[in-house]
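Hi,

Here is the structure I promised you.

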Amino acid sequence: MLAVRAKSLFRKCLRIVPEYVQAPGVRDFLERELVKEIMSRGGDMVEVNKFKSKITKEMLEKAAKQDIVNSFRENTNLTNPKEIEEMIVEAETQVEQIYRNIIVGKRGFALDNNNK
């Protein structure tokens, strides 16, 4: 049952990415995250500015989908059913908030960096 819920959640996450990337404020947030990634690898502002000018919607979608894949992979080592259940419930809640508030509600990106 938990595996079915996790798989369904994974599919839903991937399905809403295109709408998520187009929601108000999300592009700016994702660009900031990409800039942080470049800077953490030793990049400079010239590299950042060059990269930012080439960012496309498709690139942001790919980055968001990769983040989803990575997040799910990080939790594949959980073996305790209670921990798995808690993780799924928390993730379902966050995805529902993103869908309801950011995508459907068009309220803009209101989540902080800890809730991505």
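Predicted model: local features only at pLDDT ≥ 70, side-chain atom pairs only at ≥ 80, totals over all residues.

Let me start with helix α5, whose buried residues pack against α1 (2–22) and α2. The ones in question are I84, I88, A91, Q94, V95, I98, I102 and I103. By buried I mean under 20% relative accessible area, with exposed being over 50% and partly exposed in between (1.4 Å probe, protein chains only). Helices here are DSSP runs (H or I, at least four residues), numbered from the N terminus.

Residues are numbered from 1 along each chain as its sequence is written, and side-chain values use heavy atoms, with hydrogens and water left out.

Back to α5 and its ends. At 1.5 Å a residue, the 24 residues of this helix (residues 81–104) should span 34 Å, and the end C-alpha atoms are 32 Å apart, which agrees. The expected span is 1.5 Å times one less than the number of residues. N80 caps the N-terminal end, with a side-chain oxygen 2.8 Å from the backbone nitrogen of K82. After α5 comes K106, which has a positive phi, near 50 degrees.

Next, how do α2 and α3 pack? Helix α2 (residues 26–40) and helix α3 (residues 45–52) meet at an angle of about 145 degrees, with their axes 10 Å apart. Axes are lines fitted to C-alpha atoms, for helices over the stretch in contact, and angles run from 0 to 180 degrees between N-to-C directions. On the α2 side the contact (heavy atoms within 4.5 Å) is made by E31, L34, V35, I38 and M39, and on the α3 side by M45, E47, V48, F51 and K52.

E31 is buried, with a relative accessible area of 13%. Leaving aside neighbours within four places in sequence, E31 is in contact with K52 and I55.

Finally, K65 sits in helix α4 (residues 57–74). Is K65 buried, partly exposed or exposed? K65 is partly exposed, because its relative accessible area is 33%. Beyond its neighbours within four places in sequence, K65 touches L14 and V17. K65 and L14 are 51 residues apart in sequence, yet 6.1 Å apart in space, C-alpha to C-alpha.

Cheers

Definitions and conventions. Helix = DSSP H or I, 4+ residues; strand = E, 2+ residues; numbered from the N terminus. Polar contact = N/O pair within 3.5 Å; in protein donor to acceptor, adjacent residues only side chain to side chain.
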